[in-house]
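Me: I've got a fold open in the viewer and would like to talk it through with you. Can we go piece by piece?

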Amino acid sequence: MNFALILFILVVVTGVAWVADKLVFAPQRKAAGIARMPLWLEYSASFFPVICAVFFLRSFLIEPFKIPSGSMIPTLQIGDFILVNKYTYGIRLPVINKKIVALGDPKRGDVVVFRYPLDQSVDYIKRVVAIPGDTITYQDKRITVNGQPLEYTGGENYLDQESMRYAKLYTETFPADLGGNRHGILNDPDRTSGMFMPERFPGIENCQFLPNSMTCKVPAGHYFTMGDNRDNSADSRFWGFVPDQNIVGRAFFVWLNLGSLSRIGGFQ
């Protein structure tokens, strides 16, 4: 369901009713001595300011999403209601998602919501691990960007509630000159890191696949994204790069989780 399109249609319909009431129907009621507007007009024109405010807020400032899967565990849990900053990377026209004002670009380590490249009607959330021009290698469950390996610390057991399996929890840190972002990831020790069987995606010629690794050069205007639950995430390793025009915004805050109120707060 394209909720942005539905909101836009509601704004247009109620806006027309609101303008028509101000210019035509209200003067007619005043001349006839009628105080109350017709029910159909009351339920259309009266809702215009509220619907317009919601449309503006959701389209240009902040949009809420709900996490449907465990691909971003441990950072985000199933059932987290999150907020996404819509203007961090620029101002985009609603519905068509076309950027009209550039304010910034996704950085390595940012958690972003984007339109799934293989189905534009579906929203995905992943972490940016490589930006345009980067060369990324994923080998033995470790990432190297532009020849610089990311740092991994920890390794304690973590119960993945979705799969009911124990995984290893690590802190993954980008080198300082690559942004220095620190965040948690999960690795399943019982699953191998190789055997990539990617779909035939645009730009696949920029990638090399070996039995236990892959290396990709990220093309201009695209990003390489991965889930933090590395062995339980369908991401750029399998379906390719995320075009800039698909970016919706940067996720930054959990505002509700009905199963655990302690989840409320910001995240990296």
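Me: Which residue of β17 stands opposite Val113?
Reply: Keep in mind that this is a predicted model. In it, β5 and strand β17 (residues 247–256) pair in the antiparallel sense over three bridges. The β17 residue standing opposite Val113 is Gly249.

Me: And what is the bridge partner of Val111 in β6?
Reply: β5 also pairs with β6, again in the antiparallel sense, and there are five bridges here. In β6, the bridge partner of Val111 is Arg127.

Me: How many of the five residues of β5 are buried?
Reply: Buried means under 20% relative accessible area. β5 covers residues 111–115 and is largely enclosed by the rest of the structure, because its buried residues number four of the five.

Me: Which strands are at the edges of the five-stranded sheet?
Reply: The sheet is open, with antiparallel pairing, and its order is β9-β8-β7-β14-β13. An edge strand pairs on one side only, and that picks out β9 (148–149) and β13 (207–210).

Me: Where in β14 is the bridge partner of Leu210?
Reply: β13 and β14 are joined by four bridges and pair in the antiparallel sense. For Leu210, the bridge partner in β14 is Ser213.

Me: Why is one side of β10 and of β12 left without a neighbour in their sheet?
Reply: Their sheet is an open one of three strands, in the order β10-β11-β12 with antiparallel pairing. Neighbouring strands in it are turned by 30 degrees against each other on average, direction ignored. β10 (151–160) and β12 stand at the edges, so what each has is a single partner strand.

Me: How many of the six residues of β12 are buried?
Reply: β12 runs over residues 182–187 and is largely enclosed by the rest of the structure. That's because its buried residues come to five of the six.

Me: Now the helices: at what angle do α1 and α3 pack?
Reply: Helix α1 (residues 3–32) passes helix α3 (residues 48–61) in a left-handed crossing. Their axes are 9 Å apart, and the packing angle is about 145 degrees.

Me: How many residues of that contact are nonpolar?
Reply: On the α1 side the contact includes Phe3, Leu7, Phe8 and Trp18, and on the α3 side Phe48, Ile51, Phe55 and Arg58 are among the residues. Two residues of the contact are polar and one is charged, while the nonpolar ones number twelve.

Technical notes
Residues numbered from 1 in each chain as written. Predicted model: local features only at pLDDT ≥ 70, side-chain atom pairs only at ≥ 80, totals over all residues. Heavy atoms only, no water. Buried < 20%, exposed > 50% of the residue type's maximum accessible area, 1.4 Å probe, protein only. Helix = DSSP H or I, 4+ residues; strand = E, 2+ residues; numbered from the N terminus. Axes fitted to C-alpha atoms, helices over the stretch in contact; angles between N-to-C directions. Left-handed = near helix turned anticlockwise from the far one by under 90°. Contact = heavy atoms within 4.5 Å. Nonpolar A, V, L, I, M, F, W, Y, C, P; charged D, E, K, R; others polar. Pairing = 2+ DSSP bridges.
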